[in-house]
Each structure stands twice: as structure tokens, then as C-alpha cells.
Amino acid sequence: MKARVVVTLKNGILDPQGKAIEGALKSLDIQGIDSIRQGKIFEVELATNDQATARDLLRGACEKLLANQVVENFEVEIL
Amino acid sequence: MKAAIILFPGSNREGDAAHALETIGRTKPSVVWHGEHALPAGTDLVVLPGGFSYGDYLRCGAIAARAPVMDAVRAHAARGGLVLGICNGFQILVEAGLLPGVLMRNANLHFVCRMQHLTVERTDTPFASHYTKGQVVKVAIAHGEGNYTADAATIARIEGENRVAFRYCDAQGRRGTDANPNGSVNDIAGIYSENLNVLGLMPHPENLIDPLVGGTDGSGLFESLAVARSVNVCS
């Protein structure tokens, strides 16, 4: 089974990369975007076909390595 | 003082750290591969050198912090053994949970590589006894992700427990926006653990120990270590 893990900065944490991208889009005259935050996506292939097992496994992976929970949130999406 | 420098794939300042330990710290360190599960017997000081461990993939220091040898480093720190993390080593220490907080991308997005002044915030530690309190020192910085931050409660605790080791300042010791190279909260350049036996700092004192390269203000840290005793480990 496939899954996707999305790691994003927590609200209130300064995201200078997002700000830079936001500025670049404005300079391209792309209208209507208020703000952008940059995150990371992990495409994961899992051995299991059980959704609950997959979620548990990926939550553990996020807590142990994929996300730094001081400043980042994560979401697990089973595809 | 018996020192060990941990070598991760992508570390690149291990030679500088070894040179500083040998010439100023009066100890010839052993270099320990990250895949090891133990430190050399009798190790007093572990140094995590600067560089780009694992290419800074995922987050700076994140993968190195989970390397096999880090369990031994954690146990060493828990016993009161000395640990020094410089630059990428500081990033590894926060990722490993040995120091609180996190090092974010520099607020100005620039990789900064220059000389930088710091104030020495306290000197009653194994790392800073050869400095004077409030002394302004000049050392080198070279980093893209040195913007130290933590949640408000953690910052309040670090400040309350007087655990800031060094703060960025200008040549006159004045703090403020221009003197802060990366946006670090409260101009923090380095912090201590609760027991003062773990120090993480972004600047590179190991690169300022010889007048030939522009200064010797980094020597004080290694002179301090030369006479330091681990807090509890050497009983």
C-alpha cells in the first residue's frame, strides 16, 4: 500500500523559504495568493495492507525522524 | 582529558577540531566512526564537529542524531561526561534531544560565512573557564541554519537557568539586529545543558586558535577543556 506523509511548519514558526517563494510569486505578478508555507512530502511504499498498522508505523516514523516536533506538524495520508 | 571526535558522513571540520584539541587542549583525540556502538574507554569529552552530516538531508543533523554511536554519546552525557557540538554538531545535539530547541534556516536566508563577535555569558563551566564573564570574543561563523529558537517556555527556562553560553554582538559588545547574523532568539549563539556538561554552539572556536588565520579568541575554549574535569564521570 502507498501512503503520503506531509510535514509542515507549525503555525507561528517563521518560514523564510515560504516567504521568499511568496515574494517571487508576487514579482511574477501572480495575483490572489495571500501567503505560502513550504513543507515536505514523503511518498512511502508500505509492506502492509492494513490501514491501522500503516498509520501506526508512519506515526512512529514521523515522531522518531521525519518531523521535528519542536517546530513541525505531520499528517499521514493513506493512498 | 581524553577526547573523542565523532565522524559522520559529511562532517568536514573534524581535522580542525582535532588540531585545536591537540595544540591548545593538550590531548590527542581519537576519531570515532558514527557506526560504532561505544566510545573509547575513559572518554571524558565527545566532540561533534561541524560540516554537513548526511548532506543535511531531511533536516540539518537529523540523521546523524539517530546514528548508532549517538546512544553511547547520550549515555556519556547522562553520566556527566562532556559533549561539545560545534555548528552541525550543535544541530545534531538539538536533534538528538541532548539540548532543547531547534536551529532554523537563517532568517535572512543567507548562508553567513564571516567573523562574528560574541559575548561570553558565563565562565563557571568546563568550556569557558579561561574566558572572563562578559568578554567579547571574535570567532568565525559559517552556517545556513543557525537561527536558534524554541517555544516560549523553553526559552524562559534556558534564560532563567542561565544556560546561554554565548550571544552574538558587535565588536563593542552591543547586541541588536545588525549584530545577529541569523535571527536567533535573544541573540543566542550557544547553550548549555542543565548540568553544564553539554555545550552546543554555532560559531567555530576551533578555527580561531592561530594568529595566522586572523585571531586566537577560540583558544580559550580549548584551554578551558584542557583543565576541565567531567562533572560526574571521573569519580
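Modeller: In this predicted model, the rule finds five residue pairs in polar contact across the interface of chain A and chain B. On the side of chain A that touches chain B, helix H1 (16-27), strand E2 (39-45) and helix H2 (51-66) of chain A each supply at least two residues. The residues of that side divide into eleven nonpolar, two polar and three charged.

Biologist: How many residues does each chain bring to the contact, and what area do the two chains bury between them?

Modeller: Chain A gives 16 residues and chain B gives twelve residues. Between them the chains bury about 1100 Å², with 66% of it on carbon and sulfur atoms. A:Pro16, A:Leu65 and A:Asn68 supply 40% of the area that chain A buries against chain B, more than any other three residues.

Biologist: What makes the pair of B:Arg59 and A:Glu72 a salt bridge?

Modeller: The closest N and O atoms of B:Arg59 and A:Glu72 are 3.6 Å apart. The rule asks for a side-chain nitrogen of Lys or Arg within 4 Å of a carboxyl oxygen of Asp or Glu, so the pair qualifies. The count between chain A and chain B is one salt bridge.

Biologist: Which residue of chain B forms a salt bridge with B:Arg59, and are the two partners buried or exposed?

Modeller: B:Glu95 forms that salt bridge, the closest N and O atoms being 2.6 Å apart. B:Glu95 lies in helix H3 (residues 88-95) of chain B and B:Arg59 in the loop between E3 and H2 of chain B, so the pair ties together parts that are 36 residues apart in sequence. B:Glu95 and B:Arg59 are both buried.

Biologist: How do you know that B:Arg167 and B:Glu121 are paired, and where do they lie?

Modeller: Their closest N and O atoms are 3.1 Å apart, against a limit of 4 Å, and therefore B:Arg167 and B:Glu121 form a salt bridge. This pair links distant parts of the chain, with B:Arg167 in strand E9 of chain B and B:Glu121 in the loop between strand E6 (112-120) and strand E7 (136-143) of chain B, 46 residues apart. Both B:Arg167 and B:Glu121 are buried. Elsewhere, salt bridges that share partners join A:Lys40, A:Glu72, B:Arg59, B:Arg66 and B:Glu95 into one network.

Biologist: Why are A:Arg4 and A:Glu43 placed in the accessibility classes that they have?

Modeller: A:Arg4 has a relative accessible area of 25%, which falls between the limits of 20% and 50%, so A:Arg4 is partly exposed. A:Glu43 has 56%, over the limit of 50%, and is therefore exposed. A:Arg4 forms a salt bridge with A:Glu43, the closest N and O atoms being 3.5 Å apart. The pair joins strand E1 (residues 2-9) and strand E2 of chain A, the two residues being 39 residues apart.

Biologist: What places B:Ser53 among the buried residues, and which side chain is in polar contact with that of B:Ser53?

Modeller: B:Ser53 is at 2% relative accessibility, under the limit of 20%, and therefore counts as buried. The side chain of B:Asn88 is joined to that of B:Ser53 by a polar contact of 2.8 Å. B:Ser53 lies in the loop between E3 and H2 of chain B.

Biologist: What makes helix H5 (residues 219-226) of chain B mostly covered, and what covers its buried residues?

Modeller: Seven of the eight residues of helix H5 are buried, including B:Leu221, B:Phe222 and B:Leu225. The elements that cover them include helix H1 (14-23), strand E3 (45-48) and strand E4 (82-86) of chain B.

Biologist: Which residues touch the most other members of the largest nonpolar core?

Modeller: B:Met70, B:Leu84 and B:Tyr148 do so, in a core of 68 residues. Helix H2 (residues 69-78) of chain B gives the largest share of this core, five residues. Another core, of 13 residues, lies apart from it and includes A:Ala3, A:Ala54, A:Leu58 and A:Ala67.

Note on methods. Residues are numbered from 1 along each chain as its sequence is written. Chains are lettered from A and ligands numbered from 1 in the order in which they are written. This is a predicted model: local features need pLDDT of at least 70, side-chain atom pairs count only at pLDDT 80 or more; totals for chains, interfaces and linings use all residues. Side-chain values use heavy atoms; hydrogens and water are left out. Contact means heavy atoms within 4.5 Å. Buried area is the accessible area (1.4 Å probe) that two parts lose on being put together, summed over both. A polar contact is a pair of N or O atoms within 3.5 Å; within protein, one must be able to donate a hydrogen and the other to accept it, and residues adjacent in sequence count only if both atoms are side-chain atoms. Helices (H or I, at least four residues) and strands (E, at least two) are DSSP runs, numbered from the N terminus. Ala, Val, Leu, Ile, Met, Phe, Trp, Tyr, Cys and Pro count as nonpolar, Asp, Glu, Lys and Arg as charged, and the others, Gly among them, as polar. A nonpolar core is a set of buried Ala, Val, Leu, Ile, Met, Phe, Trp, Tyr and Cys residues joined through side-chain atoms within 4.5 Å. Buried means under 20% relative accessible area, exposed over 50%, partly exposed in between (1.4 Å probe, protein chains only).
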